[in-house]
Amino acid sequence: MNRIMIGAIVGALSIAANAAINVIPQPNFVEEREGEYVVQGRIGDNIRFISDARIPAESYRLVVTPKGIFVTASDDAGRFYAMQTLRQLHNEGRIPCVFIDDMPRFKWRGLLFDDGRHFFGKETLMKTLDAMALHKLNVLHWVITQDQGWRIEIKKYPELTKKGSVRAGSPKPVVLVTPKDVPESGTGWVNNHIQYGPYFYTQDDIREIVAYAAARHITIVPEIELPGHSVAALSAYPWLGCTGEQFEPWCRWGVSENIYCGGNDETIKFLEDVMDEVCELFPGPFIHIGGDEAPKTVWKRCPKCQKRIKDLGLAGEEGLQGWMTDHFTKYLAAKGKRAIGWDEVLDGEPGKETIIMSWRGPQGGIKAASRGNDAVMCPVDPCYIDNPQGLADDPYEYINYGFQATLERCYGFNPTAGVPESEHSHILGGQGNNWSEYTWTGSELEWKIWPRMSALAECLWTVPERKSWTCFKARIPAMRRMLIREHHINCAPIE
């Protein structure tokens, strides 16, 4: 029996008692002891660090006695996470005496940050990374290309940011505009006709952000969408599409039928060139290649796409997308990277090397695991934290997809639910997703992420036997105060 399960069995007996230990995520074994340690000067100067190769990666053992603080770990991540626990235990110069033996349940503990629809900038992103680190989250999934905006500088293709990072307007819901405005037919939205951008990150910005994240043991996973959500790129280089038609970055939300041409060798070369620069900027092991919401309408009419399908003997248009997924999975593998795709890529029967991100429900991840693919779970219910959180008074809850992602609902997330135990090893973990169609400012972004991401963080770190909604409710007010006081986060209230 491994150490984490022993901790779960023993610790389950004392969850209620540990509510006084205000740590999120809940450590997997906590033993409260008599007394407290009085901090002298800076907290880091009071700690004795011990290396022990037997302790797994990202794990730590923390012992606080009246005479000292002792942290044992095998790597820097473990030591860093012990410090986050100590930050939360620290109260006006005093730390309660405890024995904590802790390790993460999942390797992938993530948050999706969408700069494509609305752009939030370095300050908001870095604040988010700080708050993530406090919660022992270790992956930022960064969406930086969309129909509505291309947000990453690519040296070889400067028009991507010159043209693709600015749009002529943004859609606003009718409830937020004056009655004289006429919505687009059947949409309930109007275009505000206010230029948005140019907004993008330079390569120097990206290097700075990647280094900032790495110092907090957070891997940034960029998403370069293909073949869909590519109108901003087509606006810069019309020859990337099937028709050569000149587009403008989209001024509405939704799904466009205009996508990269899967039969054009020049389009494939363009995407390879983009991936070359992206791989240089992001040293982490993963690159997300999208794959979701890609209608094949234009491919059905495109001679180049139809020729590729015929020449390669592909199974229609879905087979062509499968070929693109496989091509870029192999292209990235040659650079030491693993490709990730949304669960739609399963329709094209990808190779076992492709990681599947399951968003339309858990079914994609369950299917992926059954066929030997690794998967990351982020089902829309409850992991889409741009959805309403069920508060009595919330200025941002004007969009509802039919359910509320309440704090309690988020806390009930279990990435391995429905997955046969024999296939649990293929579930890398999960993440919360905040898409920015309906998230307009950094302040609104923070309101939607926190404290729901606190709940999801505990789901990804703590074994189910150690979780308790009652205990979490007792601990979350202290975390909320810390986010507001120390990180200046616009944190939603707890009801």
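# Salt bridges, cysteines and loops

Reader: How many salt bridges does the count come to?
Author: The count comes to 32 salt bridges, where a salt bridge is a side-chain nitrogen of Lys or Arg within 4 Å of a carboxyl oxygen of Asp or Glu.

Reader: What kind of model is this, and how are residues numbered?
Author: This is a predicted model, in which local features need pLDDT of at least 70 and side-chain atom pairs count only at pLDDT 80 or more, while totals for chains, interfaces and linings use all residues. Residues are numbered from 1 along each chain as its sequence is written, and side-chain values use heavy atoms, with hydrogens and water left out.

Reader: Which residue does Asp130 pair with?
Author: Asp130 forms a salt bridge with Arg216, and their closest N and O atoms are 2.7 Å apart. Asp130 belongs to helix α3 (residues 121–134) and Arg216 to the loop between α5 (203–214) and β12 (219–223), so the pair ties together parts that are 86 residues apart in sequence. Helices (H or I, at least four residues) and strands (E, at least two) are DSSP runs, numbered from the N terminus.

Reader: And what does Asp381 meet?
Author: Asp381 meets Arg409 in a salt bridge, at 2.8 Å from N to O. This pair links distant parts of the chain, with Asp381 in helix α12 (residues 380–383) and Arg409 in helix α13 (residues 407–411), 28 residues apart. Asp381 is partly exposed at 33% relative accessibility, and Arg409 is partly exposed at 39%. The terms are set by relative accessible area: buried is under 20%, exposed is over 50% and partly exposed is in between (1.4 Å probe, protein chains only).

Reader: Is Asp114 buried or exposed?
Author: Asp114 is buried, at 0% relative accessibility. Asp114 forms a salt bridge with Arg117, with the closest N and O atoms 3.1 Å apart, and Arg117 is buried as well, at 4% relative accessibility.

Reader: Which residues are linked in a network of salt bridges?
Author: Arg87, Arg485 and Glu486 are linked in such a network.

Reader: What about Arg151, where is it found?
Author: Arg151 is in the loop between β9 (149–150) and α4 (159–162). Arg151 is buried yet has no salt bridge, and the nearest side chain of opposite charge, that of Asp115, is 6.2 Å away. For charge, Lys and Arg count as positive and Asp and Glu as negative, whereas His and the chain ends are not counted.

Reader: Which backbone oxygen lies 3.0 Å from a polar atom of that side chain?
Author: That is the backbone oxygen of Ser165, 3.0 Å from a polar atom of the Arg151 side chain. A polar contact is a pair of N or O atoms within 3.5 Å; within protein, one must be able to donate a hydrogen and the other to accept it, and residues adjacent in sequence count only if both atoms are side-chain atoms. Beyond its neighbours within four places in sequence, Arg151 is in contact (heavy atoms within 4.5 Å) with residues including Phe119, Ile144, Tyr196 and Tyr201.

Reader: Changing topic, how many disulfides does the count come to?
Author: The count comes to zero disulfides, a disulfide being a pair of cysteine sulfur atoms within 2.5 Å. Cys97 is in no disulfide, as the nearest cysteine sulfur, that of Cys471, is 20 Å away. The closest cysteine sulfur to that of Cys302 is in Cys242, at 3.7 Å, which is too far for a bond. Cys97 is buried at 2% relative accessibility, and Cys302 is buried at 4%.

Reader: How many residues does helix α10 have?
Author: Helix α10 (residues 316–333) has 18 residues and reaches 26 Å from its first C-alpha to its last, close to the 26 Å expected at 1.5 Å a residue. The expected span is 1.5 Å times one less than the number of residues. Buried residues of α10 include Leu320, Met324, Phe328 and Leu332. Among the elements covering the buried residues of α10 are α7 (265–281) and β14 (338–342).

Reader: Which peptide bonds are cis?
Author: A cis peptide bond joins Gly197 and Pro198, with omega about 5°, and the bond from Leu226 to Pro227 is also cis, with omega near -5°. Pro198 lies in the loop between β11 (189–191) and α5, and Pro227 in the loop between β12 and α6 (231–236).

Reader: What is phi of His193?
Author: Phi of His193 is near 55°, a positive value in a residue other than glycine. Most residues other than glycine have a negative phi. His193 is exposed, with a relative accessible area of 64%.
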